[in-house]
Amino acid sequence: MIKIATIIGTTGVGKSQLGVELCKALGGQVINADAMQVYKGLDIITNKMPLHERQGVRHHLMDFLEPEQEYRVTEFTDDCGKCIDAIVQEQQLPVVVGGTNYYVQSLLYQNTLIKDDNDARSPSPEPYMPELDALTTDDLYDRLKHIDPVMANKWHPSNRRKILRSLRVYYQMGRRQSDIIKEQQEQHEKQGGSQARYSSIVFWLYADPQHLNPRLDDRVGTMIQTGLFDEIKQLRQRVVQGKVTVPGMGEEQYQRGLWQAIGYKEFDPYFTALEQQPNDNTLPVDNLQQIQQECTERMMAATRRYAKRQVQWIRNKLLPTILNTKHDDVKIYLLDAGDLAQWNTNVRDQAIQLAKAFQSGDAMPEPSSLSDTAKEMLTPKIMEDTQSRILTWQNHVCPVCKTDKGDQVTLYGDVEWEQHKKSRWHRKSVKNLKRKDTSTVAGAPPSQ
């Protein structure tokens with residue numbers, strides 16, 4: 001089985017740096033697994049590693065797509081597989097570096113993707129289903145509830161992108177997405193575990209939020225100083241000139257392709273205000289600066305939320321899959337990247353030592369033995385595989401809390417339900433209900 005190294009972790013934790021360090025030490029080449037860095041140019045908003053920091057290490061699957069194109073995960077796994085084969089032919093180590101965990105998981109494991117015959121790369125919006133794009137999100141959700149109630153139960157009614165995905169699977173393949181997922185689950189059970197494509201050592205770079213969040217905020221500031229606004233301005237001009245087509249409508253345009261990159265959506269109010277200035281000059285400079293500051297804070301908050309979701313994906317989806325891997329073909333090691341002053345000791349040197357042992361087939365240490373953080377984080381909160389969770393997904397209606405419209409609150413999935421029960425809103429609603437019940441009993445007429 002072909003051996004590869006894989007580096008995962010949150011945005012801003014140092015994945016690209018470790019990728020270069022591993023390649024320099026072991027003789028390897030980097031394969032990009034970040035869905036935003038496949039696009040040409042736009043180096044700042046997509047956080048590409050500057051050329052001079054790559055130290056001559058070859059990087060693949062980077063800088064080759066136009067902004068209006070979309071890159072499907074099935075295309076990534078095919079393209080990445082070809083890169084891995086070519087690098088191995090050169091007797092070097094493929095080092096997959098990525099922040100798009102769905103890409104990484106789909107590469108490492110077989111039978112995790114839904115393939116169809118229309119997987120050619122195409123500009124967006126997707127031309128083969130214009131009638132779906134024309135429908136409202138509510139209409140799409142109603143249609144999905146009729147066609148595939150299992151997937152409709154899984155998705156939030158306002159998540160247009162995922163609702164569309166489930167509908168397209170059905171119309172393209174003539175089968176419900178939930179049925180395909182069930183078939184994948186049955187295959188995994190027959191195989192006795194997740195079937196790996198490659199023998200892989202996975203390095204999870206982890207920094208706790210206390211250390212990571214200030215670094216993420218600083219990075220946003222650095223991006224602004226080094227030309228983020230120029231990139232966004234140029235991209236918006238290309239859209240106005242008709243040189244680039246934005247996919248979808250409304251919020252959907254920020255859920256597909258390049259337009260998901262954090263920063264483009266967050267600074268839209270600022271650039272909209274700027275673009276109106278030449279016409280009326282009604283907005284004072286102080287107001288513009290205030291809008292810019294608000295957008296900057298919005299981008300910082302979005303980046304922190306994204307980092308949190310990346311950790312959740314690793315712990316709740318990728319980690320259980322790795323621990324269920326057949327024949328132990330995939331090993332995951334957490335490296336503590338919280339203290340940058342200790343990077344060489346805690347990250348670089350440990351990774352190189354482990355990767356050398358992996359390449360040589362030597363005995364490997366128990367992953368949880370590397371640190372207390374590794375012991376804690378490598379114990380998954382959820383052991384169910386992704387397919388099982390989708391098929392057994394359950395929504396919850398809170399009997400106590402109500403929306404502004406007076407409807408009972410619906411929570412999507414067990415995690416959201418548990419979080420809601422601990423929320424201040426729910427506790428306050430329960431307290432008010434108990435007070436109301438007590439008042440009703442106290443004011444009731446005596447029984448006859």
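Guide: Let us begin with a contact in this predicted model: V73, F76, T77, C80 and I84 in α2 meet Y102, Y103, S106 and L107 in α3. Sorted by class, the residues of this contact come to seven nonpolar, two polar and no charged.

Visitor: What makes α2 oblique to α3?

Guide: Helix α2, residues 73-89, and helix α3, residues 101-108, pack at an angle of about 60°, and their axes are 9 Å apart. Angles under 35 degrees count as roughly parallel and those from 65 to 115 as roughly perpendicular, and the angle here is about 60°, so α2 is oblique to α3. As for its handedness, the crossing in which α2 passes α3 is right-handed.

Visitor: Why are α3 and α12 described as roughly parallel to each other?

Guide: The axes of α3 and α12 cross at roughly 10° and come within 10 Å. Since angles under 35 degrees count as roughly parallel, α3 and α12 are therefore given that description.

Visitor: Which residues of α3 and α12 meet?

Guide: On the α3 side they are N101, Y102 and Q105, and on the α12 side they are Q310, W313, I314, K317, L318 and T321. By class, the residues of this contact divide into four nonpolar, four polar and one charged.

Visitor: How do you know that α5 is oblique to α7?

Guide: The axes of helix α5, residues 137-147, and helix α7, residues 160-173, cross at roughly 45° and come within 10 Å. Because roughly parallel requires an angle under 35 degrees and roughly perpendicular begins at 65, the value of roughly 45° makes α5 oblique to α7. The crossing in which α5 passes α7 is left-handed. From α5 the contact draws on T137, L140, Y141, R143, L144 and I147, while α7 brings R160, I163, L164, S166, L167, Y170 and Y171. These residues divide into nine nonpolar, two polar and two charged.

Visitor: What lines the second largest pocket?

Guide: This pocket has a volume of about 210 Å³, and its lining consists of L319, I322, L323, D328, V330, K331, I332, E366, P367, S368, L378 and T379. The elements that give two or more residues to this lining are α12, spanning 285-323, and β6, spanning 330-336.

Visitor: How many residues of each class does the lining of the second largest pocket have?

Guide: It has seven nonpolar, two polar and three charged residues.

Note on methods:
Residues are numbered from 1 along each chain as its sequence is written. This is a predicted model: local features need pLDDT of at least 70, side-chain atom pairs count only at pLDDT 80 or more; totals for chains, interfaces and linings use all residues. Side-chain values use heavy atoms; hydrogens and water are left out. On a 1 Å grid over the protein atoms alone, a cavity is a set of points where a 1.4 Å probe fits but cannot get out, and a pocket is an open set with protein on both sides within 12 Å along at least five of seven lines; lining residues have an atom within 4 Å of a point. Grid points are joined across faces, edges and corners, and a volume is the space filled by probe spheres set on the points. Helices (H or I, at least four residues) and strands (E, at least two) are DSSP runs, numbered from the N terminus. Ala, Val, Leu, Ile, Met, Phe, Trp, Tyr, Cys and Pro count as nonpolar, Asp, Glu, Lys and Arg as charged, and the others, Gly among them, as polar. Axes are lines fitted to C-alpha atoms, for helices over the stretch in contact, and angles run from 0 to 180 degrees between N-to-C directions. Angles under 35 degrees count as roughly parallel, over 145 as roughly antiparallel, 65 to 115 as roughly perpendicular and the rest as oblique. A crossing is left-handed if the near helix is turned anticlockwise from the far one by less than a right angle, and right-handed if clockwise. Contact means heavy atoms within 4.5 Å.
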